[in-house]
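Please look through the structure below.

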Amino acid sequence: MTTPDTGVWIVVAVGGALTYALRASFVLRDDEGDLHPALDRALGFVPAAVLAGLVAPSVLAPQGVVSLVGNVRLVAAVVALVAAWVTEDTLTTIGVGMAVFWALRFLA
Amino acid sequence: MDARREFVAGVRAMAPLMVGIAPFALVSGVAAVDAGLSPAQAMGLSLFVFAGTAQLAAIDLLGGGAAPSVVVLTVAVVNARLAMYSASLAPHLRDFPRRWRAALSYLLTDHVYALAVTRAESQGVRSLRYYVLGLGATIWVVWQAGTLAGLALGATVPASWGLGFVVPLTFLAILVPELKERVNAGVALISGSIAVLGAGLPMNLGLLSGALAGVLAGALATRGER
């Protein structure tokens, strides 16, 4: 019982427009005024905060609840984290992470 | 030429992340087929929303027959972090013509943002628009092609492969170098912990509250600096 066609197209149009509005919200603003220094400083922490917020749940709680024992994603992510720290190389990080993930998943 | 060189630099910076983006796009195409969306509707989402996590959430809800208003609200909340990206990147893009900023806004995704802001801080903003265009064009092409491939393959891509796991790995790859700065490590710890505790919440609210708390903590910890 998928949502009816018209409903899906409404989501495409309105969801798309809202998403664009969020993306353009500050970039398209023309006022030249400098940001408040505190806000400017705070925005510098956006990458670390959002990236950690994206990664941590999908590794520590892939099904929505915290899972530490027998969590293949967690083991793979820890190994990938070490690889990232040492090499700072994207492909190596992804490659090592997926290799450990698949090894544990299909061979263990 | 400066423009061309910067564009290519953007393409090259984004290219390795495509190892993660391509399977993610594939998975989103497959999910759309499973949920009963038509190929046109799935591509409509991919082109107009162009944000993986929000698309997957929308597809899941639409497949379950949710009301359009609920789905639209979910998309807006899941994508609220894009406004933070917009605010963070705006000062770096301020001097570029309006139509450039309008176009680059459309391309603003997690990966584009993270690479663009790193570049702006290390190399300055002089030709940043071409660099960001290179980043965005690369992920856009791969995302659309991957979605199409997923629509074509449908259920022949088994869920047991766990292809979705490449996505957090791409984020991890960009995050880890940031953590070498101690404040960032603290910010990430706070944000990550809250996001994990809120992992069961609807609409990615755990991520949103974690990110806000992390940013706030970082600002408080560095009070009086600069």
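What follows describes the interface and then the cavity.

This is a predicted model, in which local features need pLDDT of at least 70, side-chain atom pairs count only at pLDDT 80 or more, and totals for chains, interfaces and linings use all residues. Residues are numbered from 1 along each chain as its sequence is written, chains are lettered from A and ligands numbered from 1 in the order in which they are written, and side-chain values use heavy atoms, with hydrogens and water left out.

The contact (heavy atoms within 4.5 Å) takes 92 residues from chain B and 71 residues from chain A. Together the two chains bury about 7000 Å², 72% of it on carbon and sulfur atoms; this is the accessible area (1.4 Å probe) lost on putting them together, summed over both. Gln41(B), Arg94(B) and Phe165(B) supply 10% of the area that chain B buries against chain A, more than any other three residues.

One salt bridge crosses the interface, meaning a side-chain nitrogen of Lys or Arg within 4 Å of a carboxyl oxygen of Asp or Glu. Glu88(A) forms a salt bridge with Lys180(B), with the closest N and O atoms 2.8 Å apart.

The largest cavity holds about 160 Å³ of space; a cavity is a set of points on a 1 Å grid over the protein atoms alone where a 1.4 Å probe fits but cannot get out, and lining residues have an atom within 4 Å of a point. The volume is the space filled by probe spheres set on the points, which are joined across faces, edges and corners. Of its 17 lining residues, Ala51(B), Gly52(B), Thr109(B), Asp110(B) and His111(B) are the closest to its centre.

Definitions and conventions:
On a 1 Å grid over the protein atoms alone, a cavity is a set of points where a 1.4 Å probe fits but cannot get out, and a pocket is an open set with protein on both sides within 12 Å along at least five of seven lines; lining residues have an atom within 4 Å of a point.
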